[in-house]
Amino acid sequence: MGKKRVMTPAKDVDLSSTKYKREVVQAPHLTGFVFRLFVRIIEAPLIGPIIMNILKKENKMDEILRHTVIPEEPMFKPEYPPQEMEPGVVVLEEDGRPEDRVESALKCLPHYDVAELWENSSASFRYWKIRDYAHAYRSRKVTPSMVAERIISIIEDNGRNKPPTPLLISFDAAEVREQAAASTQRFEAGNPLSILDGIFMAIKDDIDCYPHPSKGATTWMHEVRTVKEDAVCVSRLRTCGVIFIGKANMHELGMGTTGNNPNYGTTRNPHAPDRYTGGSSSGPAAIVASGLCSAALGTDGGGSVRIPSSLCGVVGFKTTYGRTSMEGSLCDSGTVEIIGPIASTVEDVLLVYSAMLGASPANRISLKPSPPCLPSLSSNDNSNALGSLRIGKYTPWFNDVHSTEISDKCDEALNLLSKAHGCEMIEIVIPELLEMRTAHVVSIGSECLCSLNPDCEDGKGVNLTYDTRTSLALFRSFTAADYVAAQCIRRRSMYYHLEIFKKVDVIVTPTTGMTAPIIPPSALKSGETDMQTTANLMQFVVPANLLGFPAISVP
């Protein structure tokens, strides 16, 4: 009997016979000297490929990619059928001014209760929302310059921590003061640009925000790539009056889910400094969770906005693929990545998203996206908009978590939705999750390697962190045939999900399969490789990236 297996066409798969398969990763957890030695070995010309092939076989990657006949044709980018406009939404003008879109978004929100903030201020801690700042500025209770001084003081104090735990990689106090002074003058003149004027945001270090360099948290990327202007999404936010405090820390080049960074220091979880923030958008999530900024921008190619948002207790929004322009980011040519907002509330995510959205000209041609829209939550007619929601839950997958505490808490939230709003819970089945995860790692890995190869060939690869080099060694083992097979799996997975979405409106899961991991002290200097932790953190996030669907993580 040979190794070859033949998949049944997706449309003929009997879902009632589908059995959930738990993913157990066969790979060592390494830190310190042993980790550094391991990286040298897997980068060696002869023995390195042998070790990688053994690891891939142990984790059934070859079985999925090389021994299987996949009947579907490849899908190299997410493809969707034409979408019907939902009732109770407000359509936004994609080509219009960002300020006008933000104004439309503002009208979608429920009434703002001033007393909630100003008369109930006895709480020990409370996140200020964007509308809280806007009210404070307009009523002259505070100015953007006053807020700037507070933020600068905290960031400078944080920079003196030992060991270093930097929130920002690039920060210029004078530039922050200059932006804040200009915003303060607009308020004094009675001419704020939008509800976002004077709102402070951090930008992940793989998104251009002039005049800061974009290093991707490497030690050298700014030497080979010069930033001459804002990324498109940053530019749109700047026209609305947003104040940018600098470039936020991250897992180097986005190739990790913990936020570990030996180059600049590892950002700590604000709720538990001995634990990771999650990654790769570690700095943006920690800055929002600390209460320093109302919002931040991150990138998400494999949960990198949602994972740290979940571990830090804030809201992370992964937009539909192509809905926001990637121009001006280090990951602007992939098929799984997006730029998305992180904020303390869904309301603030909605406001930031409305300003930054807008597909690139190329994606408008290839993807033909439906018009962007927002839910109208301001009228009484939509006071129970959740009542008609059909929620899909694949219970074996939902419950496959490192601690039942996670699934129990998420079940409590679902029960609340059902009891308070009458949402309908529908049991679903999602086949071939392991195959989907394999297709994702081949897709994102091949695309990352393609963008980095020229610099690695120029000798920059040895200056990357050891965990990044471990990932690149794996990615180099993928072939063109592996990539095509992964895209065939992408089409199969898309078919399954589109069929599911005929029956449900959303698929609900925990965001991660574990709580924030403890930071091993031995990992601070040289990093670590822990593929099982990576798998636990990415347990539920992959479908949205591989298939381009929107996804949101809420505390």
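A: The largest cavity is lined by Arg-22, Glu-23, Asp-400, Val-401, His-402, Gly-513, Gln-532, Ala-535, Asn-536 and Gln-539. Here a cavity is a set of points on a 1 Å grid over the protein atoms alone where a 1.4 Å probe fits but cannot get out, and lining residues have an atom within 4 Å of a point. The model is predicted: local features need pLDDT of at least 70, side-chain atom pairs count only at pLDDT 80 or more, and totals for chains, interfaces and linings use all residues. Residues are numbered from 1 along each chain as its sequence is written, and side-chain values use heavy atoms, without hydrogens and water.

The largest cavity holds about 70 Å³ of space, a volume being the space filled by probe spheres set on the points, which are joined across faces, edges and corners. By class, its lining comprises 2 nonpolar, 5 polar and 3 charged residues (Ala, Val, Leu, Ile, Met, Phe, Trp, Tyr, Cys and Pro are nonpolar, Asp, Glu, Lys and Arg charged, the others, Gly among them, polar).

A search of the whole structure finds 2 cavities of 30 Å³ or more. The second largest cavity contains about 40 Å³ of space. Around the second largest cavity stand Tyr-127, Trp-128, Tyr-133, Val-288, Gly-291, Cys-293, Ser-294 and Ser-344.

Helix packing comes next. The axes of helix α4 (residues 98-108) and helix α13 (residues 346-356) come within 7 Å and cross at roughly 150 degrees (DSSP runs of H or I, at least four residues, are helices and of E, at least two, strands, numbered from the N terminus; axes are fitted to C-alpha atoms over the stretch in contact, with angles from 0 to 180 degrees between N-to-C directions). The pair α4 and α13 is therefore roughly antiparallel (over 145 degrees; under 35 is roughly parallel, 65 to 115 roughly perpendicular, the rest oblique). Pro-98, Arg-101, Val-102, Ala-105 and Leu-106 of α4 meet Leu-350, Leu-351, Ser-354 and Ala-355 of α13, contact meaning heavy atoms within 4.5 Å. That contact divides into 7 nonpolar, 1 polar and 1 charged residues.

Helix α13 also packs with helix α10 (residues 232-239), at an angle of about 110 degrees and with the axes 8 Å apart; α10 and α13 are therefore roughly perpendicular to each other. Cys-233, Arg-236 and Leu-237 of α10 make this contact with Val-352, Ala-355 and Met-356 of α13. The contact of α10 with α13 has 5 nonpolar, no polar and 1 charged residues.

Elsewhere, helix α17 (residues 433-457) packs with helix α19 (residues 480-500) at about 130 degrees, their axes 8 Å apart, which makes α17 oblique to α19. Residues in this contact include Met-436, Ala-439 and Val-442 of α17 and Tyr-483, Ala-486 and Ile-489 of α19. In total the contact has 6 nonpolar, 5 polar and 4 charged residues.

Finally, the backbone. Most residues other than glycine have a negative phi, and most peptide bonds are trans. The bond from Tyr-210 to Pro-211 is cis, with omega near 10 degrees, and Pro-211 lies in the loop between β6 (200-204) and α9 (221-224). The bond from Gly-279 to Ser-280 is cis, with omega near 10 degrees; Ser-280 is in the loop between β9 (272-276) and α11 (282-289). Lys-60, not a glycine, has a positive phi of about 65 degrees and sits in the loop between α2 (47-58) and α3 (61-65).

Methods
On a 1 Å grid over the protein atoms alone, a cavity is a set of points where a 1.4 Å probe fits but cannot get out, and a pocket is an open set with protein on both sides within 12 Å along at least five of seven lines; lining residues have an atom within 4 Å of a point.
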